[in-house]
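Here is a short report on how the parts of one protein meet. Look at the structure first, then read on.

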Amino acid sequence: MSNLVVHVIDVESGNLQSLINSIEYLGYKVQLIKTAQDPELNKAERLILPGVGNYGHFVDNLFSRGFEQPLKQYIASGKPIMGICVGLQAMFAGSIESPQSSGLNYISDMKLSRFDDSEKPVPEIGWNSCMENENGFFYGLDPFKRYYFVHSYAALLNERIETHLTKDEGWKLAKARYGSEEFIAAMWRDNIFATQFHPEKSGKAGLAVIDNFLKQRHPKLPDYTEDEKELLGNDYSNYGLTRRIIACLDVRSNDQGDLVVTKGDQYDVREKDSNNDVRNLGKPVQLAEKYYLQGADEITFLNITSFRDCPLKDTPMLQVLKNAAKTIFVPLTVGGGIKDIVDTDGTMIPALEVASLYFRSGADKVSIGTDAVFAAEKFYELGGRGDGTSPIETISKAYGAQAVVISVDPKRVYVDSPNDTKNKTFKTELPDSNGRTWCWYQCTIKGGRETRDLGVWELTRACAALGAGEILLNCIDKDGSNSGYDLELIKHAKEAVKIPVIASSGAGLPQHFEEAFTSTGADACLGAGMFHREEYTVNDVKEYLLRHGLKVRMDNE
């Protein structure tokens, strides 16, 4: 254990627990600084400024708590500081995301811009690489490693801006490319270092960057062979991102009261025997860590039953997240119960506060299901707008669109013609037993137990407009089938929205992942049962994708 204490600015913006865990994992002590008057700020030798979500929410909080001048004094002292994500963006003059909010202005008069979503999904969510350059890299950044990005706004570059920053202002830049747009992935000048990506969520590669900053070293890059460069290099066939593989764990209490990972067939998780108990596939934290070590790019925990008899602060899923985040350094998503709730003592707790508890426990994203359907219905009732009260709106306003995932549980419905429903239909290549070729996807709520007169097309478009950043697209018809994803459903959703879509339900073979990526443009693929039953590992899937020409992140050696 090092004697160095790493000080972290905490203005309650996103998941700091994972950053704390990563620093402690590397052998350092962590001290949070919550107020500008904290005497610890004067003692700091290494300072980290992490930020997540909305630019204005972060910098306004930073300034209203009096941090502006102490931060500038710290930087003027020459002691090292590292900004992460919005912590990098705060170094700029401002962002068009929040025009009224000013940054620290260490990059003179430059503002952040939004990615162009006409050619690619926005936000950028996934694993990108830094572009090779002739000037070398800093703090061990490696163009043949992958780092986790999750953002809609960036410091976009062109030749004039890059020349000004590097020649006139003395910044060293690591660039990344998303689609056709180049942006600053990391920057360094004197004692200021900042990354747009999340090193604490970038596996071993990200931990190395944090460790190099804390040790203030710039190690030489490995001598890669030409074959290794070909294997690990970015071909930009997927906008610059690797194909993202997500391991999903459905978590609930069994009849003995133990918290277990389970898996259903069309959402039925009971064993088909005389005991009829909940199918027990293992313990949540241990399984999650196993999938992380196998190379999973993200882990999703879905609480498929509510914990009705305990206070919110004691919800078992919070402890699952806290324990998982200690050793898993990729993004964690949690779903189930993210809504306005009445606690066991009768206290009304808004969804934003519920989500905040999960973020503080180690979650990076929250998944909203039933309440997303209710929010979409209200959106259309109000003529195509929100009223600011839905969980989607309140959480995304505080933490950013990338923190809100919409979990969709649809069923296919056949009709004689498009006139038979108000929801958007399409002509399928898989007619039903009556020969009907027109169908739509009906949304369900409460774990598939109830249907609503709302289609996937309508739901996803409404939720994207309300501020959601990603769609987790399940399929009740395919759940537990191991027959492959519903490719028509994925295409349908991809045509509806410009935010990323995760394919879920039905994967049983590695080639099912390839089919979804190549034939639908899915932004990520999620697997569950095939991993739980140990028929295939996450690494098996990735090696299959590599053999078929699809880039994946390989960080599990």
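Domain 1 and domain 2 bury about 2600 Å² between them. Carbon and sulfur atoms account for 56% of that area. On the domain 1 side, Ile125, Trp127 and Lys201 lose the most area to domain 2. Together these residues make up 22% of what that side buries.

Keep in mind that this is a predicted model.

## The two domains

Where do the domains lie in the chain? Domain 1 covers 5-239. Domain 2 is written as two stretches, 242-264 + 278-548. The centres of domain 1 and domain 2, taken over C-alpha atoms, are 29 Å apart.

Contact involves residues on both sides. In domain 1, 33 residues take part, and they touch 34 residues of domain 2.

## Charged and polar links

How many salt bridges are counted between domain 1 and domain 2? The count is two. Lys201 also forms a salt bridge, with Asp364 as its partner. Their closest N and O atoms are 2.9 Å apart.

## What domain 1 brings

Which elements supply the side of domain 1 that touches domain 2? The helices α1 (17-25) and α7 (203-215) each give at least two residues, and so do the strands β7 (124-128) and β8 (147-151). The most comes from α1, with five residues.

Sorted by class, this side of domain 1 holds 11 nonpolar, 15 polar and seven charged residues.

How values were computed. Residues numbered from 1 in each chain as written. Predicted model: local features only at pLDDT ≥ 70, side-chain atom pairs only at ≥ 80, totals over all residues. Heavy atoms only, no water. Domains from an automatic or database assignment. Contact = heavy atoms within 4.5 Å. Buried area = accessible area lost by both parts, 1.4 Å probe. Salt bridge = Lys/Arg side-chain N within 4 Å of Asp/Glu carboxyl O. Helix = DSSP H or I, 4+ residues; strand = E, 2+ residues; numbered from the N terminus. Nonpolar A, V, L, I, M, F, W, Y, C, P; charged D, E, K, R; others polar.
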